[in-house]
Amino acid sequence: MITRFQTFVKLLSVSRPYISTMNKIVKVSENELQELVSVAVNSLKAGNIIAVPTDTIYGVAGLVQNSEAVDRLYSVKNRDYNKPVAISVADISDVYRWGQVTVPQALLARLLPGPVTVVLNRTTDLNPELNPKTSLVGIRIPDHEFIREVARSCQEPLALTSANISSAQSTLRVEEFENLWPKLDKIFDDGMLGDTFHSRQGSTVVDLSKKGVYKIIRDGSSLKNTVQVLSSYGLTDDNTS
């Protein structure tokens, strides 16, 4: 005969994995920002992969200079290793360390921080095992205080890609990538990031690796503004050449 206690123990054992996963979720609060940043930094420094909010969609991140973390990021996403991963930094000055900038700093300041990824030739400081088949790197400064503070505190870039299985829909709530939770160390939840198809388009990706021209790689959510800024500085569209 099964006692009530035995039934309780059985139910507890079934639910424990779910409870354990739920404990990974950390609510982002402005009042506790520095404490939460410390939690994120400690996890990243340990080589883990975490989920983070950005100014567009949720992303998963690991430390760029840690090759094992980069491998783990690809594994979490089930991502093709031939597909490059962008990096996220805190400030425009960081862009110059990791990418060979071809445009005026004032132009970068018009685009960043914001929903734009600028693609530049990489510098030798960047981990050669990140995107080893290309000399280019996409660099982001999301307009989101939490992720910028994390990158600033780490004092190195974050490898950043969307929080979803590769080729699946981008996510605006942490519940939308629940299938990834078991593979993540922490999930930083900042609530709903947007509620339209436009919100899910992610950042506009623009190749600025050649002087005087630009090439749109992905339209993203800031295409019109990006093109206007680039054109105002005299850059021409290399997509039509």
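Residues are numbered from 1 along each chain as its sequence is written. Because the model is predicted, local features need pLDDT of at least 70 and side-chain atom pairs count only at pLDDT 80 or more, whereas totals for chains, interfaces and linings use all residues, and side-chain values use heavy atoms, with hydrogens and water left out.

Helices (H or I, at least four residues) and strands (E, at least two) are DSSP runs numbered from the N terminus. Strand E7 spans residues 136-140, and four of its five residues are buried (under 20% relative accessible area, with a 1.4 Å probe and protein chains only), so E7 is largely enclosed by the rest of the structure. Two strands are taken to pair if DSSP finds at least two bridges between them. Strand E4 (residues 86-88) runs parallel to E7 and is joined to it by two bridges; Ile 87 has Ile 139 of E7 as its bridge partner. Strand E6 (residues 116-122) pairs with E7 in the antiparallel sense, over five bridges, and here Val 119 is partnered with Gly 138.

Helix H6 (residues 145-154) packs against helix H2 (residues 33-45) at an angle of about 55°, with the axes 9 Å apart. Axes are lines fitted to C-alpha atoms, for helices over the stretch in contact, and angles run from 0 to 180 degrees between N-to-C directions. H2 and H6 are therefore oblique to each other, a class that remains once angles under 35 degrees (roughly parallel), over 145 (roughly antiparallel) and 65 to 115 (roughly perpendicular) are set aside. Contact (heavy atoms within 4.5 Å) between the two helices involves, among others, Leu 36, Val 37 and Ala 40 in H2 and Phe 146, Glu 149 and Val 150 in H6.

H6 is mostly covered, as seven of its 10 residues are buried. Among these are Phe 146, Ile 147 and Cys 154. The buried residues of H6 pack against H2, strand E2 (50-53), strand E3 (58-63), E4, E8 and E9. Just after H6, Gln 155 takes a positive phi of about 60°.

Ser 170 lies in the loop between strand E8 (158-162) and strand E9 (186-189). Its relative accessibility is 16%, so Ser 170 counts as buried. Apart from neighbours within four places in sequence, Ser 170 is in contact with Ile 57, Asn 164, Glu 176 and Arg 200. Ser 170 and Tyr 58 are 112 residues apart in sequence, yet 7.6 Å apart in space, C-alpha to C-alpha.

How values were computed:
Buried < 20%, exposed > 50% of the residue type's maximum accessible area, 1.4 Å probe, protein only.
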